[in-house]
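Subject: Structure handover

Hello,

Here is the structure for you to pick up. My notes follow below it.

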Amino acid sequence: MKPGKQSAQSMLQLLSDIQSSDLNAYIYTDPNKTIAMLQESERYCQSNKPRALEGLPIAIKDLFCVKGTPTTAASKMLKDFIAPYESTVTQRLWDQGAIFTGKVNLDAFGMGSHNTYSIFGPTLNPISRDGKPTSAGGSSGGSAAAVAAGLAWAALGTDTGGSCRLPAAFTGIVGLKPTYGLCSRYGVIAHASSLDCPGVLANSVKDTARVLQVIAGYDERDAQTFDQPVPDFVAACTGELRNHKIAYCDMGTEITLPIPTHSVDIDAILEHAVECYMIISAAEACSNMSRYDGIRYGYRTESAYTNLKDYYCKTRSEGFGDETKRRILLGAYALSDGSKIFHRANQMRQWIADKMTKFFAEYDVLILPTATFSAPTLDSVKSMSCDEIYNSDKCTVTSSLIGGVAISIPIGIDDSGMPMGMQVVGPPFSEVKVLEVASALEQVIERNKKITRRDQ
Amino acid sequence: MNRVTKLCAIVGLSDNDAKIHAQIDKIVDVLIDKIYQADLDAEYPIWLGVKGPKPLRKDISKEGDPTLIAQVCKHSHENFVLAPKSFTAKENK
Amino acid sequence: MNKNEYKGYEAVMGLEIHVQVVGCDCNSKAFSPTRATNDEDRPNWNIDTLDLGLPGSLPRFNEKVAELATRTGLALNCEIQNLSLFDDKNYQYPDLPCGRQITQQYYPIAKGGQVPIPTEESPDRYIALDHIHIEQDAGKSNHDVLPDCSAIDYNRAGIGLLEIVTQPCVHDIADLNIFLKSLRAILRTINVSNCDMEKGEMRADLSLSVRKIGVKTLGTRVEIKNLNSINGAQKAAKHEFARQVDAILAGKKILQETRGFDPKSQTTFAMRLKEDANEYLYIPDYNLPPLELTDEYIQHQKHLLPKLPKEICTELIGKGLSWSNAYLIAYEQEYLAYFTQVTADMTNAQTNTAAKLMIGDLFGLLKETTRDLQSFNPKHLQELTIALDKSEISSKIAKELLLLAFEQDISPKSQIVEQVSDVNAIATCVDQVLLKYPDEIARYKSGKTNLLGFFVGNVMKEMRNANPNVVGTIVQDKLKD
């Protein structure tokens, strides 16, 4: 892909590359719309200064309502749903001159870690392990693969428990989860309302910051956004490490970093983070899936049914995929009988948040791997048990639970030749600090070189 | 298997997917075990969200969009949404 | 306290009242910006993304509903909570667009409280409340439009509801009536809702269990849903009370169930029995931040409260009204507004007279027709009251003039000819009359002083609007010598 702002010719080439790609990153394109937007952008530039994202091709995870486009959540439930309205964050992109390249693949409703739970089939990692089809990570697998393969300048994803960061780490690019509530969720199909964040995937920390600058900020249509000004994220990407006190936990990977850090042990805090996250996100997912019943929109069963209850069961069982059903049932269990289990996880969440608040009073940011392993082959994903897959998120869920900031940047290649990612994490509203450290780390890391470990 | 069947009825899912049921049963036991292992005070406060200025919506009404039904609903009649009939009181006896 | 008794059993009742936040002070729905109105006839016109439960739609809480809920809680003596939370109640039904209803299950906006249910013997009685919480209304299902499906209209979906929940402390079926009227009066006075039950602006769910008199434990509770008239609530309670007692005495068990009420047959009927106890999978609605109300805000709302029916009733009694007249006016917003207009600049005595006229006479006339109080010009009532108070007319005349005003809209004042008290004019007339009756004058002067009435009567015949007291004084003066 031609770097930066596209011309009509380069855009046509890009569209052609998208068509011929076998990564299965894109699940919907509308070349006429793309070209029309580019032409509009060129017209605009004839008498105006270029806007923040002028002419830049951006792929959109298929959880975002883009008006007039199929918005499927990669589920049979919404296979034929065409969004009648635009999400706030995508509208902000188009208002700054960005060009829509298409909708990209994901785990249905954002539930998954390897983009294997999609009616469109899995997305392939552009980098393969042992030459075999390899996981691009999830749930924003399509977003990551598109950017990593040069099929988009950047992509929007969503991050609920690591869904932007894990695929970014697996494909060797940058993935950002901002503070919860910084970016509006209006028009974003909900997975877990207290955890979902629109997120950004791009090739560099600065590119990520450029997109974040455009989409972030108060939206009166999302009651969880903040009515306060947004800092200058792009300016924070100086590449210079300031006097931040940086904590580092290698999570057993023994990876060494080329910047000064304080070694910490956060096992006690992380110990119950995964089950806490799973229970909360499943309970919220269960509730968010209640509206999918085919009555007003979406899939309706074609089989005969005896009564209303039967109709609901048939429609929802046929429309939802296996993983969605597992989450719904898990969530229902946590909420049944007076929601005792959910309540306990809710308390655990506050406990973790209190511990992390104390932690960040001492340290400015925390660095830890995005995952302790690199992308597996799709075959080995098939043989993983469900809870093995859930544990892929071990390093990412804590920052989600506290509503904090986390960015994954490529840290190098492991022994199998697969990229790995390292996260810079901070408390809510610490984007500036996190971007400063991340851009500084990015400067001194060579992402295509082998990772250095402690015993070497 | 019984508890999963009961949950299926509550959330509107068919209870004939044995494989998923087995998976859920396993996951549930593991997760529940783990969350109760934690040494957590029974009265510990709950998470209330990220704090910050979040004003309430002003009471200004806007016109609805009557075209929404036509745009998204495939089962409508004169702008009513059509739903399968539920039991009526008469049918109950 | 009065209690109903039936075959040695008493009823224990509680109410859950749903009040729609429409019209009055509120423009938009509780969680979406479309209009808070029941007046939209065209189906699915007053809807937005959230009202249809579209993917990606989000609720935003209306500050006006917070204000009205606070106002209601304060008017009912509740403790307004500085912090309350919103929860989702998950269940599936076609008229529920998101497959869940936003409510406040664990931390409601107001706790405790009382609704006054005064009677003349016990003017300070009340029904204790458990709490008040905010929730949202569902759409409407119409099962009769088409034969094999239901037609759903989401115009109503998302309108705010205040749910007012009593303790199970009602024992007298008659109190249901007093309670609902009292609550309605208060809510109208504070301009939260018109509580028109026929329009669905106020709906009642009644819980009823029975127990042998003297027993402390509660029986099995049955819920009767969606009572949409005050009389309906009473009739439903009456029927259900008897049904349960008769069933127990026949050896049957009372099922914990939900029943409906059929106003035609005035009986309760079983609705579809749920297999398990209701499982609603309550979860916090994390799209909505916690509702935080400062002490300053709550105090400010308290200052803005108008006078409530109880205080107004006490005031009217202080002005001399009978208890029942005062209660009738204070607890019916329509009467109160009208009465306030009529008696705006009146003395206490006049106010009392106005009340008697309105309630004793005017209401009687209204009852025979389909007219409402507003159709009778308040000025007419004012004129009558003042004339009566000043003894310009007798009460007999007042009734006649009232009827005339009621039937033909004729101003009473125009019919009350000015009383003449002009001494000279009267004296002239007296002289003329006395000339006619020399014999009677002689008899009067010789001691028959009761002929005074005869002379006054004859003067009144000549001068109909003379002040009879003045006439009498003048005649006496002239016949002194």
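What share of the 481 residues in chain C is buried? The answer is 45%. Please keep in mind that this is a predicted model.

**Chain C overall**

Chain C holds 15 helices and 17 strands. Its radius of gyration is 31 Å, whereas a compact globule of 481 residues would have one near 23 Å. Along the principal axes, the C-alpha atoms of chain C fill a box of roughly 105 × 55 × 50 Å.

**Domains of chain C**

Chain C splits into domain 1 (14–215 + 278–297), domain 2 (307–415) and domain 3 (423–478). Taken over C-alpha atoms, the centres of domain 1 and domain 2 of chain C are 35 Å apart. Ten residues from domain 1 of chain C and nine residues from domain 2 of chain C make the contact. On the domain 1 side, helix α2 (residues 173–189) of chain C gives the largest share, with six residues. By class, that side of domain 1 has five nonpolar, two polar and three charged residues.

**A sheet in chain C**

There is an open sheet of three strands in chain C, in the order β5-β4-β16, with antiparallel pairing. Its edge strands are β5 (100–103) and β16 (283–284) of chain C, each pairing on one side only. Strand β4 (residues 87–90) of chain C is joined to β16(C) by two bridges, and the two run antiparallel. Asp87(C) has Pro284(C) in β16(C) as its bridge partner.

**Domains of chain A**

Chain A is divided into domain 1 (8–242 + 367–444) and domain 2 (270–350). Over C-alpha atoms, 25 Å separate the centres of domain 1 of chain A and domain 2 of chain A. Their contact involves 29 residues of domain 1 of chain A and 23 residues of domain 2 of chain A. On the domain 1 side, α13 and α14 (397–401) of chain A each supply at least two residues. The largest share, four residues, comes from α14(A). That side of domain 1 of chain A has 14 nonpolar, ten polar and five charged residues.

**Strand β10 of chain A**

Why is strand β10 (residues 405–413) of chain A largely enclosed by the rest of the structure? Because seven of its nine residues are buried. The cut-off for buried is 20 or more other C-beta atoms within 10 Å of the residue's own.

β10(A) has pairings with two strands to look at here. Strand β5 (residues 174–177) of chain A joins β10(A) through three bridges, running antiparallel. In this pairing, Gly175(A) stands opposite Ser408(A) in β10(A). Strand β11 (residues 419–426) of chain A pairs with β10(A) over eight bridges, also in the antiparallel sense. There, Pro410(A) has Gly421(A) in β11(A) as its bridge partner. The hairpin of β10(A) and β11(A) has five residues between the strands. In that hairpin, Gly417(A) takes a positive phi near 80°.

Best wishes

How values were computed:
Residues are numbered from 1 along each chain as its sequence is written. Chains are lettered from A and ligands numbered from 1 in the order in which they are written. This is a predicted model: local features need pLDDT of at least 70, side-chain atom pairs count only at pLDDT 80 or more; totals for chains, interfaces and linings use all residues. Domain bounds come from an automatic or database domain assignment. Two residues are in contact if their C-beta atoms, placed from the backbone, lie within 7 Å. Ala, Val, Leu, Ile, Met, Phe, Trp, Tyr, Cys and Pro count as nonpolar, Asp, Glu, Lys and Arg as charged, and the others, Gly among them, as polar. A residue is buried if 20 or more other C-beta atoms lie within 10 Å of its own, exposed if 12 or fewer, and partly exposed in between; C-beta atoms are placed from the backbone. Two strands pair if DSSP finds at least two bridges between them. The radius of gyration is taken over C-alpha atoms; the globule rule is 2.2 Å times the number of residues to the power 0.38.
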